[in-house]
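Please have the structure open beside this text and follow each stretch on screen as the paragraphs come to it.

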Amino acid sequence: MTAISASPSRRPAWQHLIGFNLLTAIVGAILGYLIGHFIGGRIHAPSLDFFGDTGQNDIAILLGYLFGVIGFMIGMGFANYPVRRMLGYPPTLAEHESEGLGLARYFRLCTDHKVVGIQYIVGIGVFFFIGGLNAMFIRTELLNPNSHAFGPNQYLTLVGMHGTMMMGMMTSVILGPFANWLVPLMIGARRMAFPRIEAFTFWLLMAAGVVLVTTVFFGGFQTGWTGYQPLGGQGTAGYDAYIGFFALVGLSMCLLGLNLLATIITMRAPGMTWSRLPIFVWSVLATATLMLLASPMLLAALLMGAFDRTVQTGFYVPGVGGSSYLWQNLFWVFGHPEVYIVALPGFGIVLELLPVFSRKPLWGYRLAVAGMLGVSLLSFFVWQHHLFVSGINADLRPFYMLSTELISLPTGFIFLCAMGTIWRGRIRFTVPMLFCLGWVFNFLIGGISGVFLSDVPSDVTTHGSFFSMAHFHYTIMGGLVFTLFAAIYYWGPKMTGFKFNERLGKIHFWSLFVAFNSTFGPLFALGLLGMPRRVVTYPTNLQGLNVWVSISAFVIGLSMLVFLVNLVWSQLFVREPEVGNPWASKSAEWQLPTPVPVHDFDRMPVFDSDPYPYGVPPVTSPQVAPAGGTA
Amino acid sequence: MYKPCRGEAGVSAPGKRVIWVAGTAVLVCVLIGLYIGFYLTTSPGDASASAVRTPVGTQLYLATVAASELSDPHPTWVSYYQTDARDQNWHHATTYELPRNSLVHVTIYQFDGQSGLRNPFIAQATGVIGGSFELNGKPTRTIDPDAASHIFAIPQMGVSVPLAGIPDSAKNPCDNAPCPLSTDHETISFTIRTPGPGLYRWQCFVPCAAGYIDGFGGPMQSVGYMDGFIKVV
Amino acid sequence: MNEVHHFRRVLLIWVVSSVIFTPLVVFVLAPGIPPGDGTVQSAGQVTDNAVLFGLSTPIALAVLVFFAYSLIVFRERQPEAVLDGPPVRGHAGIQLWWIVVTSVIVLSLAGYGTARMLDDGAGGGQGPNPIAKPDPSQPPLQVQVIAQQWKFLFRFPGYGGVETAHLELPSNRMIEFHVTSLDVIHSFWAYQLGVKADATPGADNIAYVQTKKPLGFDIHCAELCGVWHGYMFDKGAVVAPTQFTAWIRQQQVRFAPIRKSLPPYSTTYFPEPQKRAG
């Protein structure tokens, strides 16, 4: 019995409303917004209006967001600890003692990495479904070759919201929930290196999501997720929400990456050498490095954009000394690592799960590590392939063509390791395995279509068309979302303690896999036939294909509903407990009891092998031996 | 040995779960409702209005104003108004219904000041019957690019007509819509031939959105102000 | 022994399927892929796509055949008992060969792409200092594309700087597009010509295309530029040289009234920030 778990005082439910929690945070956010808006209103003077009165005050709105987020964090209780320490009180673990709270601990500051993991998956999930809903609206509009359902303004806002939601919120969808939840367990740590920062990144992301949704009250933004300037500078106040959103996401990503890096580097248990690190942790390491290094670039770009809009600087305005290339370069210096931030954790999940369901050790461990690190290193040297036809000096074009195509080398390593792992294995077609195999197919198509885009002559046709859109949906949706579901079906029972319905899981997989390919496969053809991205109209001869795609997209929506039903039904109503090790995995997290105790390990675990000792007798020996007979 | 995080007593009876699920479902429905509501309602003045059919042909009466009426969500934005008959009853509308394959006489009362064109080329009218339009009754083909206040352009029909602004020295400018004809204005009229049925967009090419970069934000990028549709039926 | 046996079978299936499918893809599917052979550059893009398709078909088949074979042959036939496979942790030779083979493929692809790009510019926008220039002995026809929200206008410096609302080009002629923008970033995509060049404010983006026979082509904006991005399209035509001369004369007459108001021809334009009356 540890001291912390000894006294879970049970209080009446209403008392949970008192103190620092989501309610006070919302109150703080509203107060903060009003204060910020008021100050902004004082600062904003007609003299700042170089051109004239736009009827909007960007300073007030951006300051409102800033103060609103600060108020939110204070209301959440993030200021308590530093303030108490400054006043001379001893350090406490109050945020950690959330045991007796039941569901309430998910609505307040909690530094338990397992609580944060659950918070992340639910929180991001909500925004994922909002983003998906936007996609359904987009496809509704594209049922007809002319503007008909929403009109061009709302259509572009939908496109921008969908892209921004997916590329912003979903960046952390593996590292937020699964890395936070699993990395300490996998490396034998009792917590993350910076538990408060861990909770902070989550609530920052939630604040970001809300900021983005508020764009609808300010007229939306019509720039897509890339937010190109000076088009963004022309935007109404809805673009301020874009800036606020991405700035918060960038900050959250940066801190999340920092925290994970520090945890993996410093908190490994004895015996957890670099060559025994689970491959998923290696992918987290590679991704966290990218997050830490790439997101500051985004923050810098956004800060300049915010200055352009508020205090009338001209960083991105040609003709007054600025350049629109500046935004394109800065954005893609962040943006290309960003797409690997999205893809890399998927590599890790696939290579982590294939050994379990092939009953074989991971084949080519070092090659897989080299592949992940290689991708993350190369991803900083490829961004100008987004600018192949942009009119910047063409001299470096061969270099960027080469560096982009070189990325297929380390990605090929991942495929080789996957192929080697299943070879002569004993393959079990569980739901998570199916999603991993779906990844193999989708990412293969996504990767090969990427070669077309990296090749300048071919890119001239495909650049900015539906081809490139199909390509990145194959890599991101076919790559990230499929592995996300693999992870949910695989680790979900461990995280919640309850099984999923396998039949619904299989229906979910097959409907998603078929509908996904039926949606995005034809988009390659649409792109080659000359349909640019983000258009609200298209030539009438393309209507047949577009209707096909739209209907397939609606089937994707239905497939997601199947998942929701499975989630609600199996986790809230049936609640069949999952106590053991259903996949017979040899990884550390599965050797712990379910639910995992608050402080994970009661003694320092010692690792004597990597997590893949399959086929090595004795077959059933756990490779972690937590003393005390907890298993 | 370990105290389970989620004690059996922690989350409980099916009734409580039903409440949670129902609550979440209601929340999701409200979110979706908000969404749809928002997307269907954010275009003020997107109401469709049809042209007037008179014995001498179809007449479309429009007015461009420097600022919408004070009750509008964006009272400082430039916009188009339309009237059904010559009863001076102006409506904020930018979707106009025209009959197919016929001549339409358009009359635009232009109450806004001069802004100037970013590309002077657009100061020459195209796509109008006879190659010229009438500016205050005088046949005209081009205007001074710097004097342009707006362009009434339907690119898919090839129509582009420059609308001259009232001079800076105007004594009696109109502040906010609706603008009475007694205030200073220019009258532009021209005839176009409509194509087959369909939805055609129209827009302005003068950077008339005050305060936005290149004058092309805000009202210039919002259907319901300086953009709209021609519905040919 | 067993492994060799399986591997040989995978290899055989792969070779057979590649031999069947690669020619099908290269000779049946790929030539039909747009943008067609209307110009030298678009024909080059079709060739390029055919090469990429031809190369990627066996690669994709290798992975797919391998997975399909493994999933069928190595599936667990006794799901009740948890039995492990052989503890094979890698094979240095296979890994080395994989690295060598993929490196060779990637490097040759990059070399091929570079050579193709330097050959005729591939129709892409190359910025103000193109690295792939056409034969200097034949002066190309210069056409300026001026994008603005939401319209493309065209200017011909060789014909007195006349500006036109639509685009016609002579056949069998090298065309030098100078693409620029007056406001935000657009992208000039003349689909059947195989030309795509971003229109960036304050920048001169040069793209070359060698036209062949007369044809009609579609112009789209390929970079999100605001509310009417989806409607920023137009139709153009490549016509016989005599017809083109007649057309440009006609345009000169038609737009003579506005000619005197146009600014002098320049590769970029910076219209003043607009004053706003009222």
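This is a predicted model: local features need pLDDT of at least 70, side-chain atom pairs count only at pLDDT 80 or more; totals for chains, interfaces and linings use all residues.

From helix 12 of chain A the contact takes Gly346(A), Val350(A), Leu353(A), Leu354(A) and Phe357(A), and from helix 16 of chain A it takes Pro432(A), Met433(A), Cys436(A) and Trp439(A). Sorted by class, this contact has 8 nonpolar residues, 1 polar residue and no charged residues, and the crossing of helix 12 of chain A and helix 16 of chain A is left-handed.

The axes of helix 3 of chain A, residues 58-76, and helix 8 of chain A come within 11 Å and cross at roughly 140°, which makes helix 3 of chain A oblique to helix 8 of chain A. Here the crossing is right-handed. Tyr65(A), Val69(A), Phe72(A), Met73(A) and Met76(A) of helix 3 of chain A meet Trp203(A), Ala207(A) and Val211(A) of helix 8 of chain A, and the residues of this contact divide into 8 nonpolar, no polar and no charged. As background to such lists, an α-helix has 3.6 residues a turn, so residues three or four places apart point the same way.

Pro230(A), in the loop between helix 8 and helix 9 of chain A, is joined to Gln229(A) by a cis peptide bond with omega of about 5°. Further along, in the loop between helix 15 and helix 16 of chain A, Arg424(A) has a positive phi of about 60° although it is not a glycine. Helix 19 of chain A, residues 502-528, has 27 residues and reaches 39 Å from its first C-alpha to its last, close to the 39 Å expected at 1.5 Å a residue; just after this helix, Gly530(A) takes a positive phi of about 100°.

Chain A also meets chain C, with 80 residues of chain A in contact with 80 residues of chain C.

In chain C itself, the feature to find is an open sheet of 5 strands in the order 3-2-1-5-8, in which the pairing is mixed. The edge strands, each pairing on one side only, are strand 3 (162-164) and strand 8 (205-210) of chain C, and neighbouring strands of the sheet are turned by 25° against each other on average, direction ignored. Within the sheet, strand 1 (residues 141-148) and strand 5 (residues 174-181) of chain C run parallel and are joined by 7 bridges, and Ile146(C) stands opposite Thr180(C) in strand 5 of chain C. In the loop between strand 1 and strand 2 of chain C lies Trp150(C), and the peptide bond from Gln149(C) to Trp150(C) is cis, with omega near 0°.

Definitions and conventions. Residues are numbered from 1 along each chain as its sequence is written. Chains are lettered from A and ligands numbered from 1 in the order in which they are written. Two residues are in contact if their C-beta atoms, placed from the backbone, lie within 7 Å. Two strands pair if DSSP finds at least two bridges between them. Helices (H or I, at least four residues) and strands (E, at least two) are DSSP runs, numbered from the N terminus. Axes are lines fitted to C-alpha atoms, for helices over the stretch in contact, and angles run from 0 to 180 degrees between N-to-C directions. A crossing is left-handed if the near helix is turned anticlockwise from the far one by less than a right angle, and right-handed if clockwise. Ala, Val, Leu, Ile, Met, Phe, Trp, Tyr, Cys and Pro count as nonpolar, Asp, Glu, Lys and Arg as charged, and the others, Gly among them, as polar. The expected span of a helix is 1.5 Å times one less than its number of residues. Angles under 35 degrees count as roughly parallel, over 145 as roughly antiparallel, 65 to 115 as roughly perpendicular and the rest as oblique.
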